[in-house]
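Here's a quick rundown to read alongside the coordinates.

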Amino acid sequence: METGASNVEVKEGTPLPLGMSNAELSERGNNLLKKLHLMMRVSQIFGANNVTFRRFMRESLEAINAITEKERRLSLKMLKGDIFLNDQRLRHSVDGFASFKYFITQWKKKRIGGVTFEGVLDERMLQEFVYTMNSLPDGRDENAADFNERMAYHKIHSIEVVPLDETEDEDADSILQKDDQKVVAKKVFFETLGTIKEVITQIKQKRYPDVRKLKRLVQASVRLAMEDESIMLGLTTIKNYDEYTFNHSVNVSIYSIAVGRRLGLSKKALTELGITALLHDLGKSKVPREIVNKPDKLDDAEWVLMKKHPLMGVEIVLNLKQLGELNPRTVIGIFDHHLKTDLSGYPGLFRKKEPSLFGRIIQIADVYDAMTTPRVYRKKSFSPDQALAIMLKDRETTFDPILLKVFIGLVGIFPVGSLVLLDTKEIAIPYKMNPDPELLDRPQVIVIHRDGKGEVKKSFVDLSEPGSAGAYKRSIVKTLDPNKYHIDIVKYFI
Ligand SMILES: [Fe+2]
Ligand SMILES: [Fe+2]
């Protein structure tokens, strides 16, 4: 999802009237924010004559003048929790997030909505700007007017600030919080992906992997899922068939944690479940790659090997000493994740026993993720609703029907990351399920449309919003195939 894009229409490719291209302005803007951020932080500790402060001030000055020389003026404005540089929204990278957050929170506190620099600035002007800004008390509505008066008093006419827009308060707050979570979730997701890849590679090389990091990452996933499951679930729409094994493990872990959370499992149990899910297919690292990735049907001998992967997974996990006290539930969960509720499936059992809770949860997440992911040999995958429909048919024999119900409640009848058509003829992507089980067909969605110039615009809409005469404003008519519409769903979630 675009950062902080809630209710903001995204305009891409708008040409700027002067000087720089969008890309250049964006790059310079990010650099400028970082420099200004450092300078402001240092100024809160040191006086104006401090060497470090002066160095950061000179660097900021350079960054400002590099823009004003080409564009004549530079305006930084806060709007709906985003920062705009000369009317272009700045997108921050993960490492630039701290600077964004700094300005948004500081300006909000000081009731400042933005600043404009005209022409080329010198050190005296910027120094006055910094220390006047620092002297403003928090929460005072007259701050902007006072600031501008001070500048006029010092005969500085090239710097001006504007007061904070009243409506900015709530937007900035909620967006910042969401942004924080999203940035962390993305980091956790990709780090887990990298770490599971490392672990599997080491196992293949018969080395002992360090899995303590995996445990820490799963704990972070659990924390994130407790706060807002939709953020982690959104990331499962990243379906990468080149790195299927790793992606699959991480996705199954996210789904399993989310199901476990709905069942009310404790944080500790959720972490165990998340780890079990991450490691569920570990045994496949002992099955020859040609068999795991074989595009055609496996022959009998190959199937015999393939069916051993749960047991081989158990063997590997028992040797992973760093997992600490290995929970029996992890061992059993890996063992029985292909055991169906009618006890068919594999491994074959001598004594008939129902599959474990972890095994049953992982099985559902496993099948759903496998069906909805394009594979090397099957580039077209099932859409989320097709996959759920197929799974529902097997509910008596394969899956635990109650857990399947919970899972459908989680991903929805119109799952997060599917593409749907609304009765308003708009196209939308569900991104958050309705918490009311009666309203599973009314998720919150991102409506995407193109304006006259072909630019993509998006808005966030809650489908449970009532319209006139007791009806709903918008309803889903059917699901659509994203490939046909050339819509890259993932782009809307990261
Ligand atoms: Fe498996
Ligand atoms: Fe699997």
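In this predicted model, 38% of the chain's 494 residues count as buried. As for contacts with a separation of 6 or more, 68% of them link residues 24 or more positions apart.

**The H7/H9 pair**

- Helix H7 covers residues 212–227 and helix H9 covers residues 244–262; their axes sit 10 Å apart, and the two pack at an angle of about 50°.
- The crossing of H7 past H9 is right-handed.
- On the H7 side, the contact uses Val218, Ser221, Val222, Ala225 and Met226, while H9 brings Ser253, Ile254, Ile257, Ala258 and Arg261.
- Sorted by class, that H7–H9 contact comprises 7 nonpolar, 2 polar and 1 charged residues.

**Proline 415**

- Look for proline 415 in the loop that runs between helix H17 (401–411) and strand E6 (419–422).
- Is proline 415 buried or exposed? With 25 other C-beta atoms within 10 Å, against a cut-off of 20 or more, proline 415 is buried.
- If you skip neighbours within four places in sequence, the contacts of proline 415 are Pro384, Asp385 and Pro430.
- Aspartate 441 lies 26 residues from proline 415 in sequence, and their C-alpha atoms are 9.4 Å apart in space.

Terms used
Residues numbered from 1 in each chain as written. Chains lettered and ligands numbered in written order. Predicted model: local features only at pLDDT ≥ 70, side-chain atom pairs only at ≥ 80, totals over all residues. Buried ≥ 20, exposed ≤ 12 C-beta atoms within 10 Å, placed from the backbone. Contact = placed C-beta atoms within 7 Å. Axes fitted to C-alpha atoms, helices over the stretch in contact; angles between N-to-C directions. Helix = DSSP H or I, 4+ residues; strand = E, 2+ residues; numbered from the N terminus. Left-handed = near helix turned anticlockwise from the far one by under 90°. Nonpolar A, V, L, I, M, F, W, Y, C, P; charged D, E, K, R; others polar.
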